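Hello,

Here is the structure we talked about. Please open it and keep it beside this email as you read.

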Amino acid sequence: MKTSFFKHIVATLMLFGTVAVYAQFPSIQYYRYNDKRGVNVFETSKEDTVKYDGLKLRVGGDFSFMFQGISQENDLVGDTLVELSNNFSLPTANLNFDVQLADGVRMHLRTYLSSRNHTEAYVKGGYLQMDKLDFISPGFLGGFMKMATIKVGMDEINYGDTHFRRSDNARAIYNPFAGNYIMDSFTTEPFLEVTIQNNGIIGLVGMSNGRLNQKPTAGDDGRVFYAKLGYDKQMNDDLRFRLTGSLYSSSDKGTRDYLYNGDRAGARYYNVLEGINDGGSAFLPRLNPGFAYHTAFQINPFVKYSGLEFFGVFEKTSNGDDATGGSFTQLGAELLYRFGTTEQLYVGGRYNSVTGEFADGLPASDVNRLNLGFGWFMTQNIATKLEYVTHKYEGDGWNGTRFQGAKFDGIVLEATIGF
């Protein structure tokens, strides 16, 4: 490993140690806790349960450490894929700042201190969230703001529900498994969005320019519109039901759409499908359709009855360029059972598949993955996961590439901390 990596890890451990000993953890308004309390939280609640008494700084962090025992193969003649070993992968770490700036106004900022795709620390993104507008004048639009949340920043946008359950570099405590979805709808873009929550009904409209890296020059003036409509209600003490539908539509004005390629930290399975001669990619085994602009929608049911929990995904993206065409459909289903006095233990599985065609009339390309896992929240802030994963490629669209008949399978053990 590089010396710079060790420097980052030492600095991270020193910082986390200092925070753990000295830092205060003040209550922040309209906030999703960065620990077990944040599991199965989607949009932040509109319940005003924290009294504002001045500026507050909450310093937090994430740390994730994985052991990977995976093997892989494909149908090409010869050893075209690297041989994987049973070993630890690069640890990852985040530094989080959440600041209460005014009554109903807070800021979030996340920095990746150590990530798979970067040896240096860099800012992932941040946003300003407004649940009250009293800074304009006391009670300004009070009736509207009891239902509304306004967010603006350069950070992940609220398209779909999978981004609420995924691992964000080292923040893996919300994810019941080690990996994210194959078609990973996560991007950090400049955005403005307004969310309405009223008696279980959820509505959202947002705008972005579809860009990951910004520059105010001609040709980079694309636009993205996204929206969400849903219902989320705790029916009784045992039953919670949620159903949402999301839409994302980008224009053809140079957006270089990043919806499935916007996570700069890299994927969560290390060195899989890496070719001997091509060096592979830090973003495999994700599938990025690669459409310059497109229209996508995602439907997510979520049901929790006592300890039994189901989360589903139906997603489709279609190329906006009709001349070249192409589309992909993603299916996902998670079934978990949480048990223990505080539901600190869980066991379950996730099935995920993506099928479709790339642009220019290429043949069908299918990817399938199955995860089976067990998890344990040792404390509110510490979780461990053990999973078995099997992932394979099918369809003529992969012929002649290292993905032809490719598959990998094995176990992954992950320990993660969030506070």
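The lining of the second largest cavity is made up of five nonpolar, five polar and six charged residues. Keep in mind that this is a predicted model. That cavity has a volume of about 100 Å³. Its lining counts 16 residues, and Gly179, Asn180, Ala267, Arg268 and Arg286 lie nearest its centre.

How many cavities of 30 Å³ or more does a search of the whole structure find? It finds four. The largest cavity holds about 490 Å³ of space. Its lining has 28 residues, with Arg32, Thr44, Arg106, Tyr127 and Lys151 nearest the centre. Two or more lining residues come from each of β3 (92–102), β4 (105–114), β5 (122–130), β6 (148–156) and β7 (188–198). β6 gives the most, with four residues. By type, the lining of the largest cavity has seven nonpolar, ten polar and eleven charged residues.

**Then strand β11**

Now go to β11, residues 294–305. Its side chains alternate. One face carries His294, Ala296, Gln298, Asn300, Phe302 and Lys304, which are buried.

Which strands pair with β11? β10 (residues 239–250) does, antiparallel, over eleven bridges. β12 (residues 308–319) also runs antiparallel to β11, joined by ten bridges. Find Phe302 in β11: it is the bridge partner of Arg242, and its own partner in β12 is Phe311. β11 and β12 form a hairpin with two residues between them. In that turn, Ser306 has a positive phi of about 55 degrees.

Best wishes

How values were computed:
Residues are numbered from 1 along each chain as its sequence is written. This is a predicted model: local features need pLDDT of at least 70, side-chain atom pairs count only at pLDDT 80 or more; totals for chains, interfaces and linings use all residues. Side-chain values use heavy atoms; hydrogens and water are left out. Buried means under 20% relative accessible area, exposed over 50%, partly exposed in between (1.4 Å probe, protein chains only). Two strands pair if DSSP finds at least two bridges between them. On a 1 Å grid over the protein atoms alone, a cavity is a set of points where a 1.4 Å probe fits but cannot get out, and a pocket is an open set with protein on both sides within 12 Å along at least five of seven lines; lining residues have an atom within 4 Å of a point. Grid points are joined across faces, edges and corners, and a volume is the space filled by probe spheres set on the points. Ala, Val, Leu, Ile, Met, Phe, Trp, Tyr, Cys and Pro count as nonpolar, Asp, Glu, Lys and Arg as charged, and the others, Gly among them, as polar.
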